[in-house]
Amino acid sequence: MQYGKVEICGINTSRLKVLSENEKKELLLKIKNGTPAEKRTAREKMINGNLRLVLSVVQRFLGRGENPDDLFQVGVIGLIKAIDNFNPSLDVRFSTYGVPMIIGEIRRYLRDNNAVRVSRSMRDTAYHAMQIKEQLTIKNNREPTVEEIASIMKVPKENVVIALEAIVEPVSLYEPVFSDGNDTIYVMDQIGDNRDDSTWLEELAVKEAIKNLSDREKRILTLRFFRGKTQMEVASEIGISQAQVSRIEKGALDSIKKNI
């Protein structure tokens, strides 16, 4: 590796073109609505114009003993999937959609090629459990219990838990999962707080400070910390975006801290 230059898969990434947001939008529209020839050309330009995005994601996974070339090639597969599945009519930046797709593809590769080998039978059990979980979630409009999944699979529930844990890669609580340019939502923001109400109030000692909050702020904090809902669940119930929930929640907590 040289300063300002990274050689991956024979590509000098320091010379790669970086597309502007307008250029990306134009190419994505051509990919969706253009003639076959326009689609092919636009798709190729979109791939080449986002290879630096792949590189930025790959750098998060270096230091694990994996070949950077392999990770880069796998990341490009994720990029291509993102390009082929992206809906340009949505008010979302391509990078916001593409980065999780690239990360997911690399994680699948690392999971399937983990140095700590997971047996084929255990992986099959885990994937079967995940399929049943998805089917039951759609059918019952809620996440199924481990017992329900194990009952359908006709295996002990311990087998299901062990298999699912075996294929899960640890994730940092501070890993970003979404950003709209202003607010970043992290993994920890999507985890509900299931502590009981009295404990939460005793720990923060904020009864008086809460009285100074707006009705919306009180409602969001109640749903988040009294009822243990995630930001996504709160956003759905109130009818605003998750980014707005994150922003209002942070402002309310800052206000409470100032008044304690």
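**Ground rules.** I'm working from a predicted model, where local features need pLDDT of at least 70, side-chain atom pairs count only at pLDDT 80 or more, and totals for chains, interfaces and linings use all residues. Residues are numbered from 1 along each chain as its sequence is written, and side-chain values use heavy atoms, with hydrogens and water left out.

**Cores.** I started with nonpolar cores (sets of buried Ala, Val, Leu, Ile, Met, Phe, Trp, Tyr and Cys residues joined through side-chain atoms within 4.5 Å). Buried here is under 20% relative accessible area, exposed is over 50%, and partly exposed is in between (1.4 Å probe, protein chains only). The largest core holds 29 residues, and Met46, Leu79, Phe94 and Ile106 have the most contacts inside it. H4 has the largest share, with seven residues. For helices I use DSSP runs (H or I, at least four residues), numbered from the N terminus.

I looked up what Phe94 touches (contact: heavy atoms within 4.5 Å). Leaving out residues up to four places away in sequence, I get Leu28, Met46, Asn50, Leu53, Leu79, Ala82, Ile83 and Phe86. There is also a second, separate core of eight residues, among them Val234, Ala235, Ile238 and Ile240.

**Salt bridges.** My criterion is a side-chain nitrogen of Lys or Arg within 4 Å of a carboxyl oxygen of Asp or Glu. Searching the whole structure turns up 11.

Arg43 pairs with Asp84, with the closest N and O atoms 2.9 Å apart. Arg43 sits in H2 and Asp84 in H4, so this pair ties together parts 41 residues apart in sequence. I find Arg43 partly exposed at 31%, and Asp84 is partly exposed too, at 42%.

Next I checked Lys157 with Glu147, where N to O is 3.3 Å. Lys157 is in H8 (residues 157-166) and Glu147 in H7 (residues 146-153), so the bridge ties together parts 10 residues apart in sequence. Lys157 is partly exposed at 38%, and Glu147 is partly exposed at 43%.

Asp254 and Lys250 also meet in a salt bridge, at 3.3 Å from N to O. Both lie in H13 (residues 242-259), four residues apart, or about one turn of the helix. Asp254 comes out partly exposed at 30%, while Lys250 counts as exposed at 55%.

Last one in the notebook: I see Lys81, Glu105 and Arg108 linked in a salt-bridge network.

Notes
Helix = DSSP H or I, 4+ residues; strand = E, 2+ residues; numbered from the N terminus.
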